[in-house]
Amino acid sequence: MQAERLIAAGRHALAQSGTALDIVAEAWQAQALAQAIGSHLALCGPLELRSEANGLSEIGGARGGVDHPVLRTGGPRAAQLTEVGDPCAALTSLGSLLGEVGIALVGVACATDEEGLYWQCIEAIDAADEANDRVRGMLRRLAVRERDRPPDAAWGRAGPAVSPP
């Protein structure tokens with residue numbers, strides 16, 4: 001499945017989360033998706049993204065044993081990832097999802113009296129924040145690449161560099 005569709009599904013699932021455990025599960029779903037997108041871009045993405053994408057693929061992740069909320073909800077959605085068609089659009093959407101996850105987790109951490117859940121939220125907030133830092137770094141690299149691309153005279157916009165005949 002295409003990255004942007006998976007991200008949209010994650011945003012929808014997060015918005016529909018009814019309990020603290022549902023929110024934590026969706027946070028780890030988002031982290032697993034960030035890792036999968038990072039892995040994909042590290043292998044197949046633009047050269048200037050590969051190092052940062054490799055770092056994204058190694059951040060956090062759906063940790064825990066068989067009782068982890070992600071595993072109780074049918075496994076990571078990220079396993080369905082087949083393509084990242086537009087890296088800029090996918091990374092922009094992923095950054096939004098990670099930001100929403102962070103906000104939701106802060107709400108859970110502030111509302112809980114359960115120490116274990118609190119620390120699980122803190123760990124997930126840290127992972128989402130670190131992933132979002134990587135995403136923003138990759139978006140900056142893409143913006144530099146776009147800015148440095150020579151204009152396409154025929155269309156009056158940036159385009160691939162073409163050698164004169």
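Modeller: Start with one definition: a residue counts as buried under 20% relative accessible area, as exposed over 50%, and as partly exposed in between. The model above is predicted, and that applies to everything below.

Biologist: How many helices and strands does the chain have?

Modeller: The chain has six helices and two strands.

Biologist: What share of the residues is buried?

Modeller: Of the 165 residues in the chain, 42% are buried. The accessible surface is about 8,900 Å², and carbon and sulfur atoms account for 54% of that surface.

Biologist: Which residues of the largest nonpolar core touch the most other members?

Modeller: The general idea comes before the case. In soluble globular proteins, nonpolar side chains tend to be buried together. Here the largest nonpolar core has 42 residues, and those touching the most other members are Ile37, Leu56, Leu91, Leu94, Val101 and Leu105. Helices α1, α2, α3, α5 and α6 each supply at least two residues of this core. The largest share, twelve residues, comes from α2.

Biologist: What does Leu105 touch, not counting residues up to four places away in sequence?

Modeller: With those left out, Leu105 touches Ile23, Val24, Ala27, Cys121, Ala124 and Ile125. For the chain as a whole, take the contacts with a separation of 6 or more: 76% of them join residues 24 or more positions apart.

Biologist: Is α2 mostly covered or mostly uncovered?

Modeller: Helix α2 is mostly covered, with 18 of its 25 residues buried. From first C-alpha to last, α2 reaches 36 Å, close to the 36 Å expected at 1.5 Å a residue.

Biologist: Which residues of α3 are buried?

Modeller: They are Glu52, Ala53, Gly55, Leu56 and Ser57. What covers them includes α2, α5 and α6. Leu56 also belongs to the group in the core that touches the most other members.

Biologist: How is a pair of aromatic rings described?

Modeller: Such a pair is described by the distance of the centres and the angle of the planes. This structure holds one aromatic pair. Tyr118 and Trp119 form it, with 5.0 Å centre to centre and 85 degrees between the planes, which makes the pair edge-to-face. Planes over 60 degrees apart count as edge-to-face.

Biologist: Why does Tyr118 count as partly exposed?

Modeller: Tyr118 counts as partly exposed because its relative accessibility is 31%, and that lies between the cut-offs of 20% and 50%. Trp119 is partly exposed as well, because its relative accessible area is 48%.

Biologist: How many disulfides are there?

Modeller: The general idea is a distance rule: two cysteine sulfur atoms must lie within 2.5 Å. By this rule the count is zero. Cys44 counts as exposed because its relative accessibility is 54%. Cys88 counts as partly exposed because its value is 38%.

Biologist: Where does Cys88 lie?

Modeller: Cys88 lies in helix α5. Leaving aside neighbours within four places in sequence, Cys88 is in contact with Leu139 and Leu142. Cys88 and Arg141 are 53 residues apart along the chain, and their C-alpha atoms are separated by 10.0 Å.

Methods. Residues numbered from 1 in each chain as written. Predicted model: local features only at pLDDT ≥ 70, side-chain atom pairs only at ≥ 80, totals over all residues. Heavy atoms only, no water. Core = buried A, V, L, I, M, F, W, Y, C linked by side-chain atoms within 4.5 Å. Buried < 20%, exposed > 50% of the residue type's maximum accessible area, 1.4 Å probe, protein only. Helix = DSSP H or I, 4+ residues; strand = E, 2+ residues; numbered from the N terminus. Contact = heavy atoms within 4.5 Å. Areas by Shrake-Rupley, 256 points an atom, 1.4 Å probe, with all protein chains shown as cover. Expected span 1.5 Å × (residues − 1). Phe/Tyr/Trp six-rings, centres within 6.5 Å; stacked < 30°, edge-to-face > 60°.
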